[in-house]
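Let's take a walk through this structure, starting where its chains meet and then heading inside. Keep the 3D view open as you read.

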Amino acid sequence: MNAMKRTYFTILTVAAVAFVGCKKNLDLKPFDKLSPGTAFNTEKDLQLYANSFYNILPAGNDIVRGDALSDYLVGSTPNTYVYGTFNPTLATGWKWDDLRNVNYFLEHYQQANVTPEASAHYQGLARFFRAWFYFDMVKKFGDVPWYGKTLAVDDPDLYKGRDPRTLVMDSVLADLNYACDHIRDTKDATASQITKWVALAFKSRVCLFEGTFRKYHTELNLTSTADKWLNDAVTAADALITSKKYSLHTSTTPAADYRDLFRNENPLSDEVLLAAVNNKSLRVFNDANWYWTSATYGGRFSFIKKFINTYLKQDGTRFTDQPSYNEIPFATEVKNRDLRLQQTIRMGNYTRDGAVAPPDFTYTYTGYMPLKLTLDSKATDGVAENYNSLPLIRYAEVLLNYAEAKAELNTFASTDWDKTIKALRTRAGIANATMPTTADTYLQQNYYNDISSPVLLEIRRERGIELALEGFRYDDLKRWKAGKLLENQYDGMYVPAMNTPYDLNEDGKPDVAVVTKVPSTKVPGVYYFIIDNVQNKLSEGTKGRLIVMDNLKRSYDDYKYLYPIPYDEIVLNPALQQNPGWQ
Amino acid sequence: MKPTIFYNRRKRLNYTFRARYSSFWAPFFSSLFALLLLFHCPLSAHPFSGPEVKGKVSDEKGAPLSGVTVNVKGTSIGTTTGPDGSFTIQLPGKEATLIFSYIGYGTAELKVNGQSPVTMIMRQNDASLQNVVVIGYGTQKKVNLTGAVDQVGGEVLENRPLPNLTRGLQGVIPNLNIRMTDGKPTRGATYNVRGATSIGAGGNALVLIDGVPGDPNLINPDDVESVSVLKDAASAAIYGARGTFGVVLITTKKAPKNRTKINYSSSVSLNDRTVKPDLVTDGYNWAKTFDSAYYTWNDYKAHPQKVNSVFPFSLGYLDELKKRHDDPSLPLVDLDPVTGEYVYYGNTDWLHELYADQNPSTEQNLNVSGSSDKVSYYLSGRYMGQHGIFRYNPDQYKTYNLRANGSVQATKWLKLENDLTYSQVHYFYPLLNHPSNTPVWRRVSDEAFPIAMLKNPDGTLTQNASIVFGSFVSGNNYSDLTRQQVRNTSRFTANILPNKWRVSGDLTFMKVNETENRLYTPVPYSTKPGNMLERGESKMNQDEDKTNYLGFNIYSDYEQHFGKHYFKALVGYNYEHSLLKSLYIQRDGLINNSLPDFTLLDGQNYTLTGGGNEWTTLGGFFRFNYNFDEKYLLEINGRYDGTSKFPQDQQFGFFPSASVGWRISREAFWEKLESVIPDLKIRASYGSLGNGNISPYQFLEVMGVSKLNRVLNGVLPSSTQKPNVIPNGLTWEKATSTNLGMDMGFLNNRLTATFDWYTRYTTNMFTTGLPLPAVFGAAVPKGNYADLKTRGWEISVSWNDATNWSKPLHYNFRFTLADNVAFIEKYNNPLGLIDTYHKGQRLGDIWGFETEGLFNDADDIKGHADQSYIRVSAANTQLPGDVKFRDLNNDGVINLGNSTLDSPGDRKIIGNDQPRYLFSFTAGGEYSNFFISAFFQGVGKRDFWPGSDNALFWGAYNRPYSWHPVSVENNMWTPDNPNAYFPRLRGYVALNSRGELQVTQSRYLQNVAYVRLKNLTIGYNLPKKLVSKAGMSTARVYFTGQNIWTWSPMYRITKDLDPEVIEGSDPETNPDSGNGMAYPMLKTYTLGINLSF
């Protein structure tokens, strides 16, 4: 009996094992992810994928830091690119993941069952971003390899050399043309998505860059092709201007019109085409306040006087046309200037949370302390929670692109002046903004000594002022071949005498004193700025303009227009060959 | 019937005798055997005369031990104790030594000199428990082991209140490496066996509870009978691809034979921090150093205007502070006449504000067990609660364990068993409301300055308080974590042919739910009277992980004797499936701060994600044992394993192993040595196991969907992107290990020693392939590209003895020592880059500069190599007292070269951060009714680089405004103190990249070897009479101290860091916030009672 039971038991057990043993479901797929087979079927799928392209665009913090390398700012942290210690082992930016992402899309989007119009729209989007990617690469490195496909691990093209700039930029232009023709043209009131209008504006930027770069960088031997690009810039800008979809933002408070473009949570889409949108309730922030008002977190960037001098007076005259323009105390010199000055730096009766806020030498070296991108409330000073959206492309730039391209082409007419530079100056409260007939010697001597066209000089002045801190400056210097300006001496406000506290905002309270040693009895509220006559000094010894960071030797030679390819990449693929000067 | 096991030669005879004939003639022979036993005593009685000694043997709890073998040393005279533990024995002469031996209790000796009666208390101990060792799918007699297996009994956890089992196992088994990273009561740890496993897929030891995977942090430590570690491939092979890097087998307690037992234990503890940093708390002194550190970094040109983010500072304020310092009668808080805001002149001891003066904990344990012939049961319950360390809104830890185990002998040959456990851990933990989600310690080090204060005169929080732990004070910012586990195992054991062929099977179902809720509500604070402000986010989130596990084992073993040949074979099948489902929800905007519920949130910012993963493994396994006369031992294991984690054509692998042993002490020629070394065995094993530890789905092209961190058209849309590039020809990583071991017993096995030496090659490790040019545009696919060699050894020595000082004194010592090192044998790094793995690299090597000293004077700086790579200040102007680095390659420049092995610049290997020579020392003693035990544990060698943001080590050198430890303050270079340890005071040099104290270098590398008294217990067993009056069998009280003493060579520099938990920061908030920014390690003083009925 027992033996029988045991036998049954054994049989049952063996059967159970056999049953479970056969049920070997080892092919398990993830249940929370898509795969190439499931990700490209509907228009919604294409949109889902296309959203990832937007990571190519600069984020708010990239704009905040956009001008860290420029001629008109001085900061606490010397930029190694200009201070001589830079070499290819420190080089960065040779990153290609975004391109693969676009090319992968271009290889798969046709799987989707959508209308030809939709298909072309998404192809246009992908190609717009590919153009954005390659434009960044070319600006940085010059020649780069062109890839119109994703690469396999064993693709020999991984090890190919660089393609010529002409080939790459022609491809960029082809992509942009396709984008302009096929991306949908509905204006985006949120200024966050790519539309035909954004593509046109961007095309004007790219073409102006390439045209002027080829024109001034004669060493490329491409000067003869410059005009073609400049013409494309004009065409693209003109198409946007004549569409009348955008205009310069104006309101009933002219003194705030310019600044409002940078401190609003919702981009002002009458002027802003595309922005890095920040949003308080979605908790997407930039850190402008922290960056620009912290001595340690930010770089303590301040404008130099040489640049501030270029702001016109409100009556339309040049500040630098008056004698001894370099010997006017801060509180006086900032008065009656282009309204954009008070919307770019702290001055006058600027207040924060109801209290006067003169330039704070805790954060500024020169006295010209930027406020353009920040919020006036102190609430976000120590925390990355700025919710103001920052423009990536705005109509003012398109006007400037148009003006400059036309001026470079020598086709600039007074009607062009009126609809571009004059329009900008009028918004800035400048009276008599007529087209100049004489070249400004200040600009020529201090900035662009190779330019004689009075109009072109004014266009460049305008571009510097209008787009200050928005991340254009270094690219502009590059294409104008004006990199030497990065060797500028860093000068600050005029100091009439040492050891004397000065009132910067005329509120009756002294704010700063320049000293060699902090006195034992201190005036309350005064910042004692210590100079040692090596690093920091006054231009005339015991008085004069503040000169800061003077001991740091700056150099910008022609080879620096092209950034080096990271050392490791040359080792991995010697065919890339290093840019000249960096070997 | 249960055969008594006799020691030495006799045992062997009986055992063979029994086993050999048991197959068919079992009933007959067992009767005969019983008869023999019956006649055993009289037969053994010696004819010649001497005094007769009466005596009694009991266990340490006073219970009588029956069946204890009592022999007269050097003779064949022997007897066994009766049911009441008593015995009578005839001595051959007046003086003699009695040897007592009993399974599970080892042997003990007692000298008798005519006195009678005598008493002997036998104590359960490690060495004896190891007589039978738990191995994969069975047990094995220790003497017959051929693999590297180590086991400890549950007594290592006794009288030691522990938040979880893992803490209790640290250090008790050599080369079972458990590194606790901080003192948080929820902190578990991975179980590592024998050092570095794989730099590719990784891998830890497989932890099994009664043969089924489980979380050791959710088990009641009081339920643990033994913990066994299978260290080498040969022992672990039966578990296949998941036992690649060792197996930890936790066996739980079962009911005692034929009696009912109730056990109750209770304890209360006081916990305190092991380390209490000695920081400057005087406001003026602190501010002076702060100002100075800022000033020096800024090249003596700029004084600070703020202390970090919000606290205003100026030289005028510093003067004012001095005034208050000199005249303490002045108020600590003023109002600024202009702004109307508070101005603070504090001397705040923020750590005193942060931590409670004491934090108690308690543990209650009750278990009831019993058995009859057919039925047995074991029920247990435990509560452990710990009140946390914080003064405001402190953390609370509560854990509950319930277990119900029962078995039925359904028929003569079929036994059914069921084991049901429920565990719950609940942990409440206060949170900061700060966007960077840093641990509180980091925030305190960054924003809680002695000059700042916690509260305003009107009782509101200050702004600095709102940044640091104001959220603790205001409440409603916390994490609430609950982990629940239900686990049920049903088992059967069928003796198809009694004592010969068995079939066993078990089915386990386990459900683990873990839910964490976090709530953030803005913290109110005030900067001027009557003006309340708020800081922080208003949001709530919930993170849920649900795991369903199903495991199934069926196996059968068969054993047979042929003369002196013994065979045993085991075959089995294992199937496991696990499904994890996650859910995470978050939303902003509490409508009402006092009602945290998702219904009552209306923010636009929300997140809702799911996800999870699934895996299945299955495998068939076998084990074959052979021995000849228990002298020559052989074991062969193999497993054919399949896993869902590999592509279809690679899902299965076969992994064999073999081990052999030779018990030299059983050879005839050993006869003469037997009295000195009664036991000597050498062992060797070799085996190779696949590593199935990779995370699921690695071989599939997948496209994750996630929320874009960019506002498009007013929302944060979802997005997907290009898939990963899948690896080519993925195959199993393999770990091949060789083990050589030796077991010895000396001096009648009072001294036992085990030594093992091993190497483990982990080959085909799943690592990143050869770097591709960046134009590839994706992460380089991983593949089986790298090899690793780990080698090491472990030794354990135990001494168990007893003497008689009017009453018996039992004492025992155990010492263990283990070591391992690992080398990269192959890695894709043709350039020999130092900062990534490279061939020949020893894991843990620290590359750094060699510190020559501190600069003496300007000439010293001038004459030295160019150090401009290293930064000492904003403008990088070197001064005397700054750190001087040696120009190792004599090129006149201090730099990194190409950071390759060929061109390392001025760096070299200055140390190694892997713990070496891990040791433990246990001592125990028992005399009369008292008992004492001590457990020391430590690391013999280890280097540690303090790292950036280690404010407790660097003080103002890190951030000028952070903590200023007194030990740093007194040890700074000044012209008057040129021999100080730390250089000229400069802020940020330990923080900013390339700072003179940020670069790794020899002078500031710390030796963090340590020895720690982990546990010291002193106890008293209440007198028998008293106890039995109360109806109890034993009652004891004890006092235990844990982590009460530590020493480390690092203490010469600082005592502000705990060398045991020196690395990393609180992982639940932000693990990269700087070393030491974590829940402090605790020392615990406990008073406990233990009652048995």
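Start at the boundary between chain B and chain A, where 21 residue pairs are in polar contact, both partners having pLDDT 80 or more. Keep in mind that you're looking at a predicted model. On the side of chain B that touches chain A, you'll find 47 nonpolar residues, 26 polar ones and ten charged ones. Three salt bridges also cross this interface. One to look up is the salt bridge of A:R283 with B:E537, whose closest N and O atoms sit 2.8 Å apart.

How many residues of each chain are in contact with the other? It's 83 from chain B and 81 from chain A. Interface size is often given as the accessible area lost when the parts come together. Here the two chains bury about 7200 Å² between them, with 65% of it on carbon and sulfur atoms. Within chain B, the residues that lose the most area to chain A are B:K301, B:R710 and B:V775, together 11% of what that side buries.

Now let's head inside. The largest nonpolar core has 284 residues, and A:W96, A:F128 and B:W441 have the most contacts inside it. Helix α5 of chain A, residues 116–141, gives this core its largest share, 13 residues. Zoom in on A:F128: leaving aside neighbours within four places in sequence, A:F128 is in contact with A:L176, A:A179, A:I183, A:I194, A:V198, A:A199 and A:F202.

How values were computed. Residues numbered from 1 in each chain as written. Chains lettered and ligands numbered in written order. Predicted model: local features only at pLDDT ≥ 70, side-chain atom pairs only at ≥ 80, totals over all residues. Heavy atoms only, no water. Core = buried A, V, L, I, M, F, W, Y, C linked by side-chain atoms within 4.5 Å. Buried < 20%, exposed > 50% of the residue type's maximum accessible area, 1.4 Å probe, protein only. Helix = DSSP H or I, 4+ residues; strand = E, 2+ residues; numbered from the N terminus. Contact = heavy atoms within 4.5 Å. Buried area = accessible area lost by both parts, 1.4 Å probe. Salt bridge = Lys/Arg side-chain N within 4 Å of Asp/Glu carboxyl O. Polar contact = N/O pair within 3.5 Å; in protein donor to acceptor, adjacent residues only side chain to side chain. Nonpolar A, V, L, I, M, F, W, Y, C, P; charged D, E, K, R; others polar.
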